[in-house]
Amino acid sequence: MKVLLVRPPRIKKAIALGEFMYSEPIGLEMVYAMLEAKHQVEILDLMSEKICIEDKLADYEPQVVGITTLCIDVPAVKELAERVKKYGGNIITIIGGTQALLNSKAFFSDAVDHVMKYTTTENIAQLYNYLELGAEPPIIDGICSRINDYQTTNKHDRNEYVLPNRESTAKYRSKYSYFGYKPSAIMGTSQGCAQNCRFCLRWRIEGAKESYFPIDFVKEDILNIKEDNIMIFDNDFLHNSHRIRELCDFLEMEQIQKNFICYGSVKSVLKNKQVIKRFQNLGLKAVLIGYETFKDDELNSYNKKSTIQDNIEASRFLKEIRLDVWASFMLHPDWSVEDFKDFRKYLKTLDPEVSSFSPLTPFPNLPLYAEYQDRLLVGKEEYEKWSFGEVTIQPSGMSLRRYYYEILKTNLHVNLARNNIMYLIKKFGVFSVLRLSAGSISLFIRYLKLMRQ
Ligand code: SF4
């Protein structure tokens, strides 16, 4: 069959720090790998290519269009599916991706034939066998089909991770970046996270403890990557010293020289100092850490496994070994003006190379959602507003307008005083910094508008 796999365009209204940057659509690359042996498949990345979907349909004439979804793009994905059906009523439309897993119901409509709650080599092969025959599929595990009134079974609970076919996005790859690193690939070596932070969706989607991909799988994936920069998007790559050692042995043996960026928790940094230094010598350039807050009681309530003292110790160690830190923080809805001031002081103490922050966001699938239900400012189905940037909980210590003002002030402080422009220019060059600045300015304008509203 002729299959077109589509990543929707960027959501303009959503607040996102990485507005001017995006990574490769690795989920689609994996689906491509699952289908390519039996079908003719193409990826259309609408974040990279400005093309009218109807023109692409006329040109490629697919029988199946698969669209991937994140959490915030439900209306855009539905609109794409409607346009596909309007163009060709016989084209089969399939939705997969994060939001299909979290809330498949959001896509139950006449324009959508199948919603993949999760995608495995087994269920996708079953579905395509029926589609190829032009037959109506029975209930297939993990797939909600319109023909079956969206009934399904749930033998699994997550997407299968297979080796992505990176050639499938060859024409777009020069555009993919991770922060200032461009071009950059992304890859995973495990799923799940044992830290179980209360505000986090990822461990709920992927599992409450790490499950590791076989190391040979990881090695093959690295060998397939042509880019010099690799972002390892495991939830806490620094947590398992044995795995880091295995990776380091492989990099040494194969004499691979690449820049790596990964997520790491404070606890893991403090636990695995020696092996982190070794990884740094073999290419680790920056670590993304969620320091989250300056208050121990909040860390506790978030179920973070570290204290403020741990945060300070980890930041000192990382400074000492000169490993770059891109830190993220969460603004609590009960903060007062004084708290925002203390937070800005705390940023100075930790002094990460780059800081970003977002208001605490109680996504509908989290227990936090019920906890804050009485104070929610955003409806469950206002998908674009659940973007980690907009304030979704009514602040208790000040008016919403004042809260946005404090965010703006903190944003300015971070961009002018804390995020070291010279460091960024030296590291990534003027053009990358201009791109990053464009993102910050657009974020600033968005907050300004929200404050005035
Ligand atoms: S460490 Fe990160 S990925 Fe793991 S539960 Fe906490 S926020 Fe989620």
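Guide: E61 lies in the loop between α2 (53-60) and β3 (64-69). The model is a predicted one.

Visitor: What makes the phi of E61 worth a remark?

Guide: The phi of E61 is positive, about 50°, and E61 is not a glycine. Most residues other than glycine have a negative phi.

Visitor: Why is the peptide bond from K182 to P183 called cis?

Guide: The omega of the bond from K182 to P183 is near -5°, and the bond is cis. Most peptide bonds are trans. P183 itself sits in the loop between β6 (143-145) and β7 (184-187).

Visitor: Why is the pair of D45 and R7 called a salt bridge?

Guide: The label requires a side-chain nitrogen of Lys or Arg within 4 Å of a carboxyl oxygen of Asp or Glu. For D45 and R7 the N to O distance is 2.9 Å, so the pair meets the definition.

Visitor: What does the pair of D45 and R7 tie together?

Guide: D45 belongs to strand β2 and R7 to strand β1 (residues 2-7), so the pair ties together parts that are 38 residues apart in sequence. The whole structure has 28 salt bridges.

Visitor: Which domains is the protein divided into?

Guide: There are domain 1 (2-148) and domain 2 (166-452). Their centres, taken over C-alpha atoms, are 28 Å apart.

Visitor: How do you know that domain 1 and domain 2 are in contact?

Guide: Contact means heavy atoms within 4.5 Å. The contact takes 33 residues from domain 1 and 35 residues from domain 2. The area buried between domain 1 and domain 2 is about 3,000 Å², and carbon and sulfur atoms give 62% of that area.

Visitor: How many salt bridges and polar contacts are counted between domain 1 and domain 2?

Guide: The count is 4 salt bridges, and 11 residue pairs are in polar contact. On the side of domain 1 that touches domain 2, the elements giving two or more residues are α1 (26-35), β2 (40-45), α3 (74-87) and α4 (98-102). That side has 20 nonpolar, 5 polar and 8 charged residues.

Visitor: What makes E24 and R173 a salt bridge?

Guide: The closest N and O atoms of E24 and R173 are 2.8 Å apart. The limit is 4 Å, so the label applies.

Visitor: Why is the link between H239 and Y212 called a polar contact?

Guide: The side chains of H239 and Y212 are joined at 2.5 Å. The limit for N or O atoms is 3.5 Å, so the distance passes. H239 is in the loop between β10 (229-232) and α8 (241-253). Leaving aside neighbours within four places in sequence, H239 is in contact with E210, Y212, S268, K271 and N272.

Visitor: What makes a residue count as being around the ligand, and which residues are there?

Guide: The residues around the ligand are C193, Q195, N196, C197, F199, C200, W203 and N235. By class, this shell has 5 nonpolar, 3 polar and no charged residues. Cys, Phe and Trp count as nonpolar.

Conventions
Residues numbered from 1 in each chain as written. Predicted model: local features only at pLDDT ≥ 70, side-chain atom pairs only at ≥ 80, totals over all residues. Heavy atoms only, no water. Near = heavy atom within 4 Å. Domains from an automatic or database assignment. Buried area = accessible area lost by both parts, 1.4 Å probe. Polar contact = N/O pair within 3.5 Å; in protein donor to acceptor, adjacent residues only side chain to side chain. Helix = DSSP H or I, 4+ residues; strand = E, 2+ residues; numbered from the N terminus.
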